[in-house]
Structure formats: C-alpha cells, structure tokens
Amino acid sequence: MIFHDIIVVGGGLAGLRAAIAAKMNGVDVAVISKLHPVRSHSGAAQGGINAALANNPEGKDDTPERHAYDTIKGSDFLADQEAAFIMTSTAPEIIREMEHWGCPFSRFEDGSVAQRPFGGAGFPRTCYGADRTGHYLLQTLFEQCVKHQVKIMEEWFVLGLSIDDNRTCRGVVCLDLHNGNLEMVGANAVIFATGGSGRMYGTKTSNALTSTGLGIAMPFWAGVPIKDIEFVQFHPTTLFKNNVLMTEGCRGEGGYLINKDGERYMGRYVSEKVMELGPRDIVSRSTQTEIEEGRGVEGKYVYLDLRHLGAQKIMERLPGIREICIDFIGIDPIEEPIPIVPGMHYTMGGIDCDQDGKTEVPGFYAAGECACVSVHGANRLGGNSLLETVVFGRRSGEDASKYVKDKEKKAQESALKKSLEEVKGQLNTIGGGNGKENPYEIRDELGDVMVKHFGIFRTGEEMKEGLEKLNGLIERFKKIRPIDNCKAWNFDKLWIMELAGNLCLTECIALGALNRTESRGAHFRRDFSKRDDANWLKHTLYRHTPEGPQIGYKEVQLGRFEPEERKY
Ligand SMILES: Cc1cc2nc3c(=O)[nH]c(=O)nc-3n(C[C@H](O)[C@H](O)[C@H](O)COP(=O)(O)OP(=O)(O)OC[C@H]3O[C@@H](n4cnc5c(N)ncnc54)[C@H](O)[C@@H]3O)c2cc1C
C-alpha cells in the first residue's frame with residue numbers, strides 16, 4: 001500500500017507551498033492532484049498579491065498593521081484578527097522568498113517590486129506580474145517542487161478522507177484516473193488544498209470548471225466541521241455572457257465603471273476618493289443596483305472603461321485582459337469599453353482550521369481557498385487570497401512536519417480499508433441504481449437556483465423558495481441514471497461526484513444564509529439590511545449529521561481593532 005508521511009491534496013499554490021515546506025523539513029511528502037499542478041486555478045489569478053512593502057512612493061507609510069486593519073475592516077469584522085495579522089506580517093517576507101525563487105514580478109524604475117492600488121486598501125500594496133500573477137507564482141513554486149523532488153501523483157482524484165475510530169487522520173482514498181482503480185494512500189498527516197468551489201454557481205462564476213465543492217464536502221462527510229460557508233463573494237467585473245474575470249487590477253490601474261449614460265456611478269455609493277476601488281461586496285452591490293434600477297446597458301450590464309489609460313499602459317500592465325477581450329468577445333479595450341456584470345468569484349468559508357491549518361481532527365490540515373482560518377471573514381479583499389495560499393500553505397506544511405515526526409511510518413490498513421469500503425458504498429448508492437434523472441440537468445439547474453436565490457442580494461422569502469428547489473434537486477440526485485462504468489478517464493464518475501459535493505455545500509450555504517438574520521460583508525439581506533454585532537458577531541460552524549447539516553457557532557477572535565461601522 002502506498003504510504004507517505006504527509007499527503008497534500010491539491011497542486012495549486014497552497015498545496016505546492018505546503019509540500020515544499022514539508023520537503024525542506026526533511027519529511028517524506030507527496031502531492032495528489034486531479035490536475036497537473038500548473039493547470040490549477042491559481043494559475044488563472046491575474047491582479048496580484050498583497051504585501052506592505054512600501055515600495056510605491058504613494059504607499060511609503062504602509063505597514064503590516066495597516067494591511068491587517070484593511071483586511072479586518074474589509075471582512076466586516078468577522079476575520080480572526082490574530083490570524084489576519086500573522087498573514088499581513090508574513091507578507092513582505094513571503095514576497096521576498098518568491099522573488100528569490102525567481103518569480104518575475106513587474107518592477108518600478110528603481111528595480112523594486114511594483115505595487116498597484118486594489119479595492120478596500122488604504123495604500124497601493126498589490127504586487128503583480130503584469131496581469132498574470134497567479135501563473136508566475138504557480139510556475140515558480142512548481143519549479144521549487146521539481147528542484148526538491150517532491151513526488152506528484154497527478155490525475156489522481158481523491159474521493160474519500162480516512163479518519164479512524166479514534167478520530168485521527170490516516171490517509172485518503174483515490175481514483176487513479178488513468179486506469180479507474182481505487183487506491184488507498186496511507187499518511188500520518190493529510191493537508192487538503194483543494195481550492196475554491198465556484199462551480200456551485202454553475203456557469204456564472206469566474207472559477208475554473210474544476211473548482212467545485214467536493215474538496216470541502218469530503219472532510220465534512222468524514223466529520224470535520226466547516227465554517228462561514230454562507231459568505232460567497234461576487235466579483236464586480238466579469239465579462240457579460242461568459243463571466244471570465246476582468247481583474248481588479250483594471251480598476252487599480254485607473255479603469256472606470258460607467259453605466260448606460262456614461263456616468264461613473266460609484267460616486268453614488270462610496271466617497272469620491274474611493275470610487276471604483278471600494279471593496280468587492282460594495283462595488284458588486286452598486287453595479288447590481290445600477291442594472292436593477294434601469295441604468296444598465298440594454299438593462300443587462302455596465303461598462304468597465306479602460307480607454308483613457310492609453311494603449312501603452314494597457315499593453316504593458318493588462319496584456320492578458322486585452323487578449324481575453326479580443327479572443328472571447330471580439331472587443332479591443334484600447335478602443336471600446338468592456339461589458340461586465342458581477343459574477344461568483346470566491347468562497348470565504350471552508351474547512352474550519354486554525355492559523356497552522358490544524359483542524360479538529362489530529363493529522364488533518366487545510367490550506368488555501370478550501371480552508372477557513374479565517375482571514376477574510378465576510379468579505380475578502382482582492383490580492384489577499386494569493387497571499388493566504390502561500391502564507392498558510394507554508395504554515396500548514398511546517399506544522400504537519402512537526403506532527404508526523406515521531407509517528408510510526410506505516411499505513412493503518414484497517415482504517416484505510418474501511419474508508420475504501422465507504423467510498424465504494426457511496427459510489428454504489430449514487431451511481432449504481434437504475435434511476436432516470438440526468439445529473440447534468442441537475443448540475444445546470446443547481447447553478448441557476450444559487451444565482452437566483454443566494455446571490456448578491458438575498459431575502460428570507462427568496463432563500464426559502466431556493467432551499468425548496470434545492471431539496472428537490474437533492475431528491476432527484478438520488479434517482480440519477482447509473483454512472484458510466486468505463487475504467488480509464490471516467491469523467492462521468494468524476495463530475496457526478498463533484499456534483500454530490502456541490503449539492504452538499506449549497507445546502508449548507510442555503511441553511512446558513514437563511515439562519516444569519518443580518519447583513520455582513522458579502523451576505524446582504526434586504527430583509528435584514530444592517531449588521532447586527534450583538535447577535536451575529538460570530539462564525540457559523542456546520543457539522544454533518546445523517547439528518548442534514550447542523551448549525552452551531554464559534555467565537556470571532558478580536559483584540560486588535562474594535563468593530564466599527566464600515567465606511568469607504
Ligand atoms: C480568475 C481568478 C483570478 C483570481 N485573481 C486573484 C488575484 O489576482 N489575487 C488574489 O489574491 N486572488 C485571486 N484569485 C483567487 C485565488 O487565485 C485563489 O483563491 C487561489 O489561487 C486558490 O489556490 P488554492 O491553492 O487554494 O487552490 P487551486 O489553485 O484552485 O488548486 C486546487 C488544487 O486542488 C486539486 N484538487 C481539487 N479537488 C481534488 C480532488 N478531489 N482530488 C485531487 N485533487 C483535487 C486540483 O487539482 C488543484 O491542483 C483569483 C481567482 C480566480 C478564479
């Protein structure tokens with residue numbers, strides 16, 4: 001049976017950084033990934049990564065403390081303050097590390113790493129490599145993995161997390177996509193770094209097709225609680241029609257948002273000084289309001305206007321954006337404004353863990369977008385997610401290295417065999433019946449329900465209706481047609497299991513959003529439009545039970561900054 005001291009699930013930035021940390025500590029580690037690592041969604045990140053380097057003359061007074069304040073204010077005071085401070089105070093060092101490993105950041109004239117302004121930030125502190133920052137960071141970390149000879153098991157699809165009767169993590173069960181075999185992989189520690197879950201919202205998301213809820217659902221099913229999953233971020237600027245992301249860097253470089261009358265409408269919602277650089281929750285709501293109140297173009301979208309930046313700046317700083325516009329919608333942003341709408345972008349919630357990635361289950365860790373430390377609280381600031389992946393990826397790899405040190409280097413066969421049987425049982429229950437329902441119709445309808453009922457603006461009425469529809473889909477899913485039984489490259493099996501994960505997570509979102517009778521960050525309820533710290537300054541904690549998700553709470557770690565009204 002395969003055994004490694006540490007198994008990292010996920011080859012994105014968080015997973016690779018965790019694996020490098022373990023390897024540098026001399027620990028035997030392997031990465032399992034359903035994709036080749038450099039195809040992970042991290043590679044699609046465009047705009048940049050935050051660190052208070054104070055390289056920009058306009059940001060020379062910036063400090064990790066200010067960065068922490070902006071992050072916590074952006075989070076609508078739901079972030080754990082110490083964790084946020086750990087992230088922001090590690091940021092300068094982690095950027096230097098990436099720089100020394102060869103990441104080709106864009107630079108100022110004096111050779112220092114360039115920084116651009118981003119939403120909700122008091123200073124220009126977003127480091128970038130043109131508009132391909134994620135791609136550069138991911139290639140850099142992948143090179144380090146090659147250098148350190150990190151073992152990578154790619155195109156292996158993890159289907160189950162093994163936790164024994166003493167509630168200790170023992171490894172994972174995977175489907176080797178090449179031949180369809182189910183394999184047990186033993187480990188003393190497992191780090192999940194499975195990324196975001198945007199595809200719960202169907203096609204109305206900036207996320208890759210591979211970003212689904214299964215990575216969070218698996219540990220949830222195995223008994224690990226998840227946290228704050230009701231907070232779903234909409235990015236203000238995704239392409240009208242296909243929701244491909246137009247980075248916040250467009251506005252950081254000076255782009256305007258204009259409505260059908262050519263008016264820069266953000267002045268209506270935030271101060272003149274802030275304008276397009278408000279935090280994402282506010283800019284998304286403002287844009288949606290413009291469209292709903294009839295000031296959208298054809299009643300459907302608004303424009304992101306870059307024309308005044310000029311050809312040189314666009315080609316130098318935003319070449320990828322220009323390319324996407326030309327390739328996907330036949331518009332050159334040097335000459336025409338870009339039609340955009342808000343689109344689902346990021347899950348603030350995830351697997352409940354601490355600042356070292358530790359969960360409630362010894363030996364089981366989480367890092368990156370699938371984790372909820374929580375540093376983003378109710379609303380993440382642009383540029384903080386890439387930062388989170390590397391900072392907390394590294395920390396979880398380091399902590400797991402210490403944890404496995406004195407453990408016996410041997411797979412716990414009985415626990416793993418039990419998990420294998422459970423996975424087989426689940427596959428059989430889901431896809432072994434003789435139902436008639438088409439799973440892909442359920443997937444498409446699920447996306448529509450989420451966008452319509454759990455979107456930028458929410459109300460109790462609409463959410464109740466949405467939950468009913470969701471329950472209907474869950475019932476229909478129990479009656480899907482059999483899963484195709486081919487062995488090699490069985491994507492039917494993969495997608496159906498991902499759908500099972502999405503249905504599980506969306507049910508949690510629905511219940512949690514209905515339960516939270518206030519508005520905070522990205523969770524905005526028209527029927528409870530104010531933040532309610534007296535009752536709701538707390539994390540939601542979800543536990544799996546046979547009767548459905550059970551909701552509890554967890555304290556927010558405060559201490560540095562008093563919660564205040566959020567004004568921009
Ligand atoms: C278009 C776009 C642009 C963005 N731009 C920025 C930005 O400029 N700045 C910023 O801070 N943030 C940005 N973000 C957010 C940020 O990129 C992500 O949150 C972050 O990269 C997630 O990294 P990760 O390592 O957690 O996961 P990912 O990079 O998504 O990697 C997940 C990994 O898990 C593996 N995996 C998942 N499930 C399984 C399974 N069951 N079995 C095996 N393997 C599995 C996948 O193969 C993959 O390797 C952007 C996001 C998007 C979608």
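**Helix α5 and beyond**

Author: In helix α5, the buried residues are Leu214, Gly215, Ile216, Ala217, Met218, Pro219 and Phe220. The helix spans residues 214-221 and is mostly covered, with seven of its eight residues buried. What follows is read from a predicted model, and that should be kept in mind for every angle and distance below. After α5 comes Gly223, a residue whose phi is positive, near 110 degrees.

Another helix that is followed by a glycine of positive phi is α9, where the residue is Gly330 and the angle is near 65 degrees. Within α9, which covers residues 319-329, the buried positions are Pro319, Gly320, Ile321, Ile324 and Cys325.

Leaving aside residues up to four places away in sequence, Glu248 touches Phe118, Gly119, His235, Arg280 and Gly382. As a point of reference for distances across the model, Glu248 and Ala22 are 226 residues apart in sequence, and their C-alpha atoms are 33 Å apart in space.

Some backbone angles in other loops deserve a look as well. Ala54, in the loop between β3 (49-50) and α2 (64-74), has a positive phi of about 55 degrees although it is not a glycine. Gln149 likewise has a positive phi of about 55 degrees without being a glycine, and its place is the loop between α4 (133-147) and β6 (151-154). A backbone feature of another kind is the peptide bond from Val373 to Ser374, which is cis, with omega near 10 degrees; Ser374 lies in the loop between β17 (371-372) and α10 (384-404).

Turning to helix packing, two packed helices are described by the angle between their axes and the distance between the axes. For α13 and α14, the axes come within 10 Å and cross at roughly 155 degrees. Because an angle over 145 degrees counts as roughly antiparallel, α13 is roughly antiparallel to α14. The crossing of α13 and α14 is left-handed. On the side of α13 the contact is made by Gly460, Met463, Lys464, Leu467, Leu470, Asn471, Leu473, Ile474 and Phe477, and on the side of α14 by Ile496, Leu499, Ala500, Leu503, Thr506, Glu507, Ala510, Leu511, Ala513 and Leu514.

There remain the rings, and the structure holds 11 aromatic pairs. One of them joins Phe192 and Phe364 in an edge-to-face arrangement, with 5.2 Å from centre to centre and 75 degrees between the planes. This pair links distant parts of the chain, since Phe192 belongs to strand β9 (residues 181-192) and Phe364 to strand β16 (residues 364-366), 172 residues apart. Both Phe192 and Phe364 are buried. Why is the pair of Phe457 and Phe524 edge-to-face? The centres of the two rings are 5.6 Å apart and their planes stand at 85 degrees, so the pair of Phe457 and Phe524 is edge-to-face. This pair, too, links distant parts of the chain: Phe457 is in the loop between α12 (439-453) and α13 (460-477), and Phe524 is in the loop between α14 (491-515) and α15 (533-536), 67 residues apart. Phe457 counts as buried because its relative accessibility is 12%, and Phe524 counts as buried because its relative accessibility is 19%, where buried means under 20%.

Ring pairs also link Tyr440, Trp489, Phe491 and Trp495 into a cluster. Finally, there are contacts between charges and rings: the charged end of Arg116 sits over the ring of Tyr128 at 3.8 Å from its centre, and the charged end of Lys407 sits over the ring of Tyr403 at 4.1 Å from its centre.

Technical notes
Residues numbered from 1 in each chain as written. Predicted model: local features only at pLDDT ≥ 70, side-chain atom pairs only at ≥ 80, totals over all residues. Heavy atoms only, no water. Phe/Tyr/Trp six-rings, centres within 6.5 Å; stacked < 30°, edge-to-face > 60°. Helix = DSSP H or I, 4+ residues; strand = E, 2+ residues; numbered from the N terminus. Buried < 20%, exposed > 50% of the residue type's maximum accessible area, 1.4 Å probe, protein only. Lys NZ or Arg CZ within 6 Å of the ring centre and 35° of its normal. Axes fitted to C-alpha atoms, helices over the stretch in contact; angles between N-to-C directions. Parallel < 35°, antiparallel > 145°, perpendicular 65-115°, else oblique. Left-handed = near helix turned anticlockwise from the far one by under 90°. Contact = heavy atoms within 4.5 Å.
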